[in-house]
Amino acid sequence: MSADVRDILDMERANTPEVTRDSFLATKKRNFERTKTASRRPEGMHREVFALLYTDKKDAPPLLPTDTALGIGAGYKQTKARLGMKKVRKWEWAPFSNPARNDSAVFHHWKRVTDNSTDYPFAKFNKQLEVPSYTITEYNAHLRNNINNWSKVQTDHLFDLARRFDLRFIVMADRWNRQQHGAKTVEELKERYYEVIALLAKAKNQTSEKKVFVYDAEHERRRKEQLEKLFKRTTQQVEEEQMLINEMKKIEARKKERERKTQDLQKLISQADQQNEHASNTPSTRKYEKKLHKKKVHQQPRPSKVDSVVNAIEIGSSGIKFADLRGSGVSLRSQKMKLPANIGQRKVKALEQAIQEFKVDPAPPPTEDICTSFNELRSDMVLLCELRTALSTCVYEMESLKHQYEAACPGKTLNIPPSLVPIKTEALDNSTN
């Protein structure tokens, strides 16, 4: 290309060697050898990772990170071992005992001669749970249970296992003496243990100091039964459930499609109404409508502003409509407390201010009763904010009408009843803003 440009501009051409068959083959062979020796990036490996492994010089990747390039010479990797003149510290094979054991067993390990501490360094991890004890008098007065057929011998054996295995109920159920005390399940052991703990705390007036755990054995049995049924499903049952889920998704998709078509139809109807209104705004129709309007004004009384406020309250009286999670599959109960997406930012901000004003926990524990009560509370809070806004609007209109009346009738004033004037608190001002 450059040679053609030089010929067009009548410039001297550089003396280039003539391309022959041998020179062409030599160049091609050199390029082939270069591509042959070049390492190719494996398929699926990112370019950045491959660049970290190999360099242009095909050096092997370093085993340890170094900073010798800084010229300091104090990197992680040293080329020569730095041997000092200090003596090597002596170690000895010393005996030790674990204070957590009661059998006086002696073990051995390596320790420095200069280490004079005799305590076992891992003894600080020998922590056990505190399992309460009871006397015969307390058992006869408070802990006797004739409903579940638990005797004192069985209860003593249960608490002995609890102290030995730190409330590992699976291990306790395995070590339970079935020959002397009969067969007991894990749920029965848990139920009896926590029942005794609650009764002892109540008898010793310790319910206010620590929280008493209530164990629902029946719920735990139902939960395990459901899990066992879920685990033992056949392939046909899994396929049937998946088919039902797919059908439900199709039904929801058709429902959304119908809602979208309904919205489109409403848009078309509103556009048609606007076009009719635009067509009716001709000079002749406007004169006729003005005459009819004058007659109606003289015949009918003017609607009050209170009616408009009442209508606004009736429109916003629904509060918040939370989503009802009825879909199949696993879902969190906390999703019921999630605010719908159709709520505006102004309502969300007003709701947050109301929650702070009444000192309500914004994220309570999502139990069934708390979810329902918390959603109803927030719906009432949104309604309260709307009522405050409507009240402030009504008061503002009454004040404007009062000023208009005083301007039209000098020397006269319009008294507003004190019951209609709201208390201007900080929360009301924030909600109206």
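**Salt bridges and surface**

Tutor: This is a predicted model. Start with Glu 218, which is partly exposed at a relative accessible area of 43%.

Student: Which residue forms a salt bridge with Glu 218?

Tutor: Look within helix α9 (residues 217-231), where the two partners are three residues apart, about one helical turn. The N to O distance is 3.6 Å, and a salt bridge needs the atoms within 4 Å. The partner is Arg 221.

Student: Which residue is linked in a network of salt bridges with Glu 218 and Arg 221?

Tutor: Arg 221 is partly exposed, at 26% relative accessibility. The network links Glu 218 and Arg 221 with one further name, Glu 191.

Student: How far apart are the closest N and O atoms of Asp 156 and Lys 152?

Tutor: Both residues lie in helix α5 (residues 152-165), four residues apart, about one turn. Asp 156 is partly exposed at 31%, and Lys 152 is partly exposed at 28%. They form a salt bridge, and the closest N and O atoms are apart by 2.9 Å.

Student: Is Arg 47 buried or exposed?

Tutor: Arg 47 forms a salt bridge with Glu 48, at 3.5 Å between the closest N and O atoms. Exposed means over 50% relative accessible area. Arg 47 has 59%, so this residue is exposed.

Student: What is the area of the nonpolar surface patch that includes Leu 9?

Tutor: Leu 9 sits in the loop between α1 (2-8) and α2 (21-37). Leu 9 is exposed, at 54%. With Val 5, Ile 8 and Met 11, Leu 9 makes a patch of about 400 Å².

Technical notes
Residues are numbered from 1 along each chain as its sequence is written. This is a predicted model: local features need pLDDT of at least 70, side-chain atom pairs count only at pLDDT 80 or more; totals for chains, interfaces and linings use all residues. Side-chain values use heavy atoms; hydrogens and water are left out. Patches are made of residues with over 30% relative accessible area and no salt bridge: like charges are joined within 9 Å, nonpolar side chains (Val, Leu, Ile, Met, Phe, Trp, Tyr) within 5 Å. Accessible areas come from the Shrake-Rupley method with a 1.4 Å probe; for residues, only the protein chains shown count as cover. A salt bridge is a side-chain nitrogen of Lys or Arg within 4 Å of a carboxyl oxygen of Asp or Glu. Helices (H or I, at least four residues) and strands (E, at least two) are DSSP runs, numbered from the N terminus. Buried means under 20% relative accessible area, exposed over 50%, partly exposed in between (1.4 Å probe, protein chains only).
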